Amino acid sequence: MTSGQLFNYVTIGYFVAMVLFIGFLATRSVLVAKLATILAYLGFVTQTFAIGLRWYETYQIPGGAGYAPLSNLYESVVFFSWTILLIYLLIDLKYKQKAVGAFVIPFAFLAMTWAQLRLDSAISPLVPALKSNWLTYHVITCFLGYAAFAVACGVSIMYLIKVGKESADSDAPAGGLVGVFPSAKVLDDLNYKAIMIGFPLLSLGIITGAAWANYAWGTYWSWDPKETWSLIVWFIYAAFLHARITRGWAGRKAAILSIVGFLATIFCYLGVNLLLAGLHSYGS
Amino acid sequence: MSVKQRGPLGGVWDFFCSLKLTIFTLIALAITSIIGTVIEQNKSHQEYLRFFSEETIRVLDRLQFFDMYHSWWFIGLLVLFCINLTCCSIKRLPRVWRLVHNPLLTPSNQVLKTFSNTDEKLVKGDIKELSARMQAFLGSHFASARVTEKDGATYLYAEKAKYARFGVYITHLSILIIFLGAIIGNLYGFKAFVNIPEGGETDRIWLRNGQTSMPLGFTVRCEDFSVEFYGESQRPKEYSSILTVIDQGETVIDHRYIEVNDPLSYKGLTFYQSSYGPAGDEVISIKVNVRDTDKADAFTLHRGQLAELPSGDRVRVADFTPMFRNFGPAARIEVLPKEGDARMVTVFKNFPKFDEERGGDYIFTLVDFDQLFYTGLQVTKDPGVWVVWLGCTLMIVGCLVAFFLSHRRMWVILTPQEGKVGVRMVGSAHRNQPAFELFFDELKNKFRDELSAK
Ligand code: HEM
């Protein structure tokens, strides 16, 4: 059994969990929601094990000194989907809002599908520039932050659907798929809670990145595109935090800021490497 | 903001305190920052010509888009941001300070009504004895209480995590501290470079423009430099130097290995391996035989350096190349006899017999050569960096406090009411209300149990 095969099972697991969560929206069956949650847990545990296995595998290749599997695009996308599950399951444990799964698990599933089908999963020895503990801290904190923002984005989409539906037919209680959504107030709160987790993590990610740059190149900040985009993301979520406590900006506008923030996050993560030049390009 | 008649100054103040301005500035910073990630910054005119016309370049240059992070308008946004932050804090901090240091011990009925977590019970008994019991109750289930008496009523007040109120202000202050650190770095720090040939040393470095030099105050010696290439190519794989630092005649750092990503620091200066190059003069080893004898002399010479043979004739390496056409390393050696004209001899390392066949009275052999490199070091000094790290630490601490701690307050008010005592419990948390509600509901049950138990 290789880690690659296990990741395939994980992908299938997330797919089924996703379908079941959407099924839950349609059927409102508690049993379906339970099954979906169990699958999400199973996928998460398997993925944890598979990442550990890949770590072990990095020691097995010829000339491989072993490294935390966070060094190339494939590994980072796999790790990203793992962190999404981690944050989602934490929030699920605390708030038990099953409908949220239908809007969060798809992110993890898409990430895994992309990694498994499109990205180069070969294990190769690390280039010297990436041999640094700062890199590991930097990547872990950034991705945990990104994952929290993914959850917040899913919840914000639900919020906009819910609020849109409720204002469209204001007298009748919202039925259909939206019926099992948590109330707008709860969604707003979940959105905030997720960003509350993500914001300090992103800040820490930017700081560890700066510390690494300072150590390696003698400047903690040089406005390279990757750095700048992470700062843009940070500005947007800072705006979100203040929007929530400002009259006229709470609710819809805050939810939109959260979605825009996640789009910027994705651009920071992928767009910068694929479209803009810079120091950070993975695996070039 | 309520409509108050405070004149134009009050209006300006309110503008700088407003959270709407904060949101505007943050979004403006986010949007404008994109420009610098799309247009490469600080490139030469030639490079921009590959993407833009002369006309466009002129416009973009006027807008300072080619160095936008240092443009007046971007810096202006940052200054606006700091003013906003400062004003907002000045406005709110005193209120929070008072709240924390002079807690509301005896809130009026009106104030109490604004809190939604509340419970009340009318019990028989003595107000003193009940107050003692409620003190013990708060002490064991929440926090120890302060007792105040006012107008015949007894007020108990207990609180937890009052300093959580300052979390937000720590975060905001941290941003100003980070800016301060960056400014210190800009004013008192510098970026410089220096090239040191292998075996050489320096006590000066050159500032970025390459014109001005400045003294280090100590000496750095490059003991050795090595470079490894990818296969046969000229593409360097790894390069490193070994440096020694000598301060006032004393070796303070001895043979320290540095490479890309692994610098050396001394007295606030950091030396980064950043480049390398040939240090001009190779050292050339030659051997000189006198024909038909077994007398031989070996010399190691720099280009142009003279050496005297036992006969009194002198030689020097007039020229050297590591690659002469396809023949490999070659040297031109000039012989300067005691009397008579100078002559030139060419020797090849790969053809050691070549000079013997020439038939001169000396036979020269090019034994070997050693290419010396210089190590290119980037030298930086940033006295503000510690201020920046302090700011970063405070930011994280501030965020954690702001998000995950909440100032919780609890009042128990005992009032005599027609022979009985009204006991009222009120609670408030400055954030995370749902969790506090759960806590309060549980406490409410215990509160009732406590009061019904006799
Ligand atoms: C112009 C700049 C800023 C101003 C004027 C400002 C002002 C404020 C104000 C008035 C509050 C509410 C405080 C309260 O609840 O009593 C607040 C909250 C907060 N601010 Fe700022 N702020 C600014 C920039 C920032 C930035 C850049 C950050 C990023 C770290 C930040 C982080 C926070 C956090 C974490 C909170 C708490 C939010 C919450 O409770 O949900 N602020 N800010």
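A polar contact is a pair of N or O atoms within 3.5 Å; within protein, one atom must be able to donate a hydrogen and the other to accept it, and residues adjacent in sequence count only if both atoms are side-chain atoms. One such contact joins the side chains of B:Thr270 and B:Ser265, at 3.3 Å. The structure is a predicted model, in which local features need pLDDT of at least 70, side-chain atom pairs count only at pLDDT 80 or more, and totals for chains, interfaces and linings use all residues. Residues are numbered from 1 along each chain as its sequence is written, chains are lettered from A and ligands numbered from 1 in the order in which they are written, and side-chain values use heavy atoms, with hydrogens and water left out.

**Iron site**

- The iron atom of the ligand has two protein donors, A:His242 (NE2) and B:His172 (NE2), lying 1.9 Å from it; donors are N, O and S atoms within 2.8 Å of the metal (3.2 Å for Na, K and Ca), and sites may look incomplete because water is not among the atoms.
- A:His242 belongs to helix α7 (residues 225–244) of chain A and B:His172 to helix α8 (residues 167–188) of chain B, so the pair joins two chains.
- Helices (H or I, at least four residues) and strands (E, at least two) are DSSP runs, numbered from the N terminus.
- The site is octahedral, with angles of 84 to 179 degrees among the 6 donor atoms; six donors count as octahedral if opposite donors are over 155 degrees apart and all others between 65 and 115.
- Ideal angles for six octahedral donors are 90 or 180 degrees.
- A:His242 is buried at a relative accessible area of 17%, and B:His172 is buried at 17%; buried means under 20% relative accessible area, exposed over 50%, and partly exposed in between (1.4 Å probe, protein chains only).

**Ligand surroundings**

- The ligand is surrounded by 20 residues, the closest being A:Tyr192, A:His242, B:Phe81, B:His172 and B:Arg431; a residue is near a molecule or strand if one of its heavy atoms lies within 4 Å of it.
- These residues come from chains A and B, so the site is shared between chains.
- The shell divides into 13 nonpolar, 5 polar and 2 charged residues; Ala, Val, Leu, Ile, Met, Phe, Trp, Tyr, Cys and Pro count as nonpolar, Asp, Glu, Lys and Arg as charged, and the others, Gly among them, as polar.
- A polar side-chain atom of B:Arg431 lies 2.7 Å from an oxygen atom of the ligand.
- Two or more residues of the shell come from each of α6 (184–217) and α7 of chain A, and α2 (19–38), α5 (72–101) and α8 of chain B.

**Chain A**

- Chain A contains 8 helices and 0 strands.
- Along the principal axes, the C-alpha atoms of chain A fill a box of roughly 65 × 45 × 30 Å.
- Buried residues account for 57% of the 284 residues in chain A.

**Residues of chain B**

- B:Thr270 lies in strand β10 (residues 269–278) and is buried, at 14% relative accessible area.
- B:Asn42, in the loop between α2 and α3 (45–49), has a positive phi near 55 degrees although it is not glycine, and is exposed at 55%.
- B:Gln64, in the loop between α4 (54–62) and α5, has a positive phi of about 60 degrees and is partly exposed at 29%.

Note on methods:
Four donors count as tetrahedral if all angles lie between 85 and 135 degrees; four count as square planar and six as octahedral if opposite donors are over 155 degrees apart and all others between 65 and 115; anything else is irregular.
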